[in-house]
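Colleague: Could you walk me through this one, starting with the site around the ligand?

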Amino acid sequence: MAYKAPRGTVDILPAQSGKWQELEQLLRTICANYNVKGIRTPIFEHTELFNRAVGDTTDVVSKEMYTFEDRKGRSMTLRPEGTAGIARAYVENKLYGMPEKLQKVYYMGPMFRYERPQNGRQRQFHQFGVEMLGVESPYVDVECMLMAVTVVKALGLKNIQLHINTLGDQESRDAYREALQNHFQPVLNELCHDCQVRYEKNPLRILDCKVDKNHPMMKTAPKTIDYLTDNAKAHFEKVCALLDDLEIDYVVDPNLVRGLDYYSHTVFEIISDDPKLGAGSTVGGGGRYNGLVEELGGPQTPGVGFAFGMERLMIALGDDHEDEEGLDVYIMPLGSEAKDLAMQIMTMLRANGFTCDMDQCDRGLKGQFKSADRFHAHFSMIIGDEEVQKEVVNMKCNHTKEQVEVPLENIVEFIENHYEGDHDHE
Ligand code: HAM
């Protein structure tokens with residue numbers, strides 16, 4: 001039987017891992033720049049956490065979760081997103097008691113959603129996400145948006161737009177909920193079964209229904225912005241004013257509601273028309289979630305964050321990136337004694353901090369030179385019987401094509417002296 005990876009999952013092979021590491025490095029550099037620290041939470045959590053945090057009328061929870069019973073019959077779920085787990089960890093580890101009131105964390109890792117796979121959409125995918133917990137302030141919303149914009153700019157993504165909207169505070173959302181119910185009530189029987197349930201439980205979710213998305217009443221649905229309390233309005237106006245001051249382009253998109261229940265106040269998405277991703281693709285999104293921590297049993301704690309799909313960022317990064325750095329030395333032994341010596345030298349060179357490898361396939365020179373080429377080795381070190389006898393090696397610089405005999409005890413010194421100044425091998 002030939003095994004295949006499950007539908008919607010992919011293997012990241014050695015040839016692509018360099019580009020992944022490049023992306024991860026770039027994101028880590030931006031996090032350091034923004035003073036955001038790493039956090040790693042479990043890949044599976046109690047199912048109840050997601051039901052509570054993400055909301056059981058959302059598509060993510062009701063249709064897309066990978067849920068299973070563990071051996072003791074407890075319901076567990078592979079995380080479909082990162083925010084719920086972070087909020088849980090924040091409460092459980094009492095991060096609200098830390099001296100720094102604003103806790104800024106980031107994560108990168110696999111998430112799982114049972115969705116129809118297509119370009120940039122998988123069942124196991126990766127997110128890079130950032131959460132900022134502890135401070136209720138439009139300045140922090142804007143810091144999050146700035147960071148998200150910095151990411152896409154650093155990747156060189158073209159034609160990006162920052163879409164923003166506000167859902168307001170609890171009072172605004174209650175008023176809006178009622179407005180939505182009044183709006184859809186006359187056509188309730190024309191909506192799908194799910195929407196009829198949503199109408200009762202969570203009418204906001206009707207707006208992101210994939211089945212009813214072309215129903216004429218969708219277009220005329222009330223907008224959140226018209227139901228804001230003065231406080232909620234002031235928060236949003238400050239967000240917009242700060243973005244204006246910082247000269248960050250944005251579009252106020254009154255239809256943006258996001259597909260997860262924990263949001264309040266500001267929500268945003270980064271949409272790209274870059275041809276590599278396809279017009280109108282959402283690369284990332286986020287928003288404020290002031291009720292989430294309390295919902296999970298913690299003290300009232302505001303939060304705001306965002307996440308990007310890393311596969312989408314990878315597509316954005318394109319293929320024209322530098323290969324990983326080449327090896328310092330590729331050792332090419334000819335014969336068994338040479339191989340013993342090669343092993344010794346390789347171990348010594350690695351211990352000295354050089355990147356180094358050797359032929360393990362007993363090939364002739366030609367095959368070994370091909371490997372040296374493929375690994376972009378700076379030096380090829382040739383060791384034959386004669387070299388073993390003379391206690392030397394033959395060092396060929398693959399850039400200058402110069403070949404020199406070097407006594408065993410001088411190898412490190414030779415490499416250091418002959419290295420081109422621009423190559424950092426420490
Ligand atoms: P989300 O909009 O559900 O938000 O997901 C964020 C991003 O993850 C999406 O914009 C997309 O790029 C990527 N993504 C989602 N599903 C898939 C998939 N099946 N395949 C590939 N990529 C996908 C959240 O998850 C929130 N936790 C974001 C957040 C953080 N809000 C506040 N803090």
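Colleague: Which side chain does Glu81 join through a polar contact of 2.4 Å?

Modeller: Bear in mind that this is a predicted model, where local features need pLDDT of at least 70, side-chain atom pairs count only at pLDDT 80 or more, and totals for chains, interfaces and linings use all residues. Residues are numbered from 1 along each chain as its sequence is written, and side-chain values use heavy atoms, leaving out hydrogens and water. A polar contact is a pair of N or O atoms within 3.5 Å; within protein, one must be able to donate a hydrogen and the other to accept it, and residues adjacent in sequence count only if both atoms are side-chain atoms. The 2.4 Å contact of the Glu81 side chain is with that of Tyr262.

Colleague: And which backbone nitrogen does the Glu81 side chain reach?

Modeller: Glu81 sits in the loop between β4 (75-78) and α4 (83-92), with helices (H or I, at least four residues) and strands (E, at least two) taken as DSSP runs numbered from the N terminus. At 2.7 Å, its side chain reaches the backbone nitrogen of Ala84.

Colleague: How far is Glu81 from a nitrogen atom of the ligand?

Modeller: Glu81 is among the residues that come nearest to the ligand, along with Glu115, Gln122, Glu131 and Tyr263. An N or O atom in the Glu81 side chain lies from a ligand nitrogen at 2.6 Å.

Colleague: Which side chain of opposite charge is nearest to Glu81?

Modeller: Glu81 is buried (under 20% relative accessible area; exposed is over 50%, partly exposed in between, with a 1.4 Å probe and protein chains only). Still, Glu81 has no salt bridge, a term for a side-chain nitrogen of Lys or Arg within 4 Å of a carboxyl oxygen of Asp or Glu. At 5.7 Å, the nearest side chain of opposite charge is Arg113.

Colleague: Which arginine besides Arg113 puts a polar side-chain atom 2.9 Å from a ligand oxygen?

Modeller: Arg113 has a side-chain N or O atom 2.9 Å from an oxygen atom of the ligand. A ligand oxygen also lies 2.9 Å from a polar side-chain atom of Arg258.

Colleague: Which strand gives the most to the shell around the ligand?

Modeller: The shell has 27 residues, each with a heavy atom within 4 Å of the ligand. With six residues, the top contributor is β10.

Terms used. Lys, Arg positive; Asp, Glu negative; His and termini not counted.
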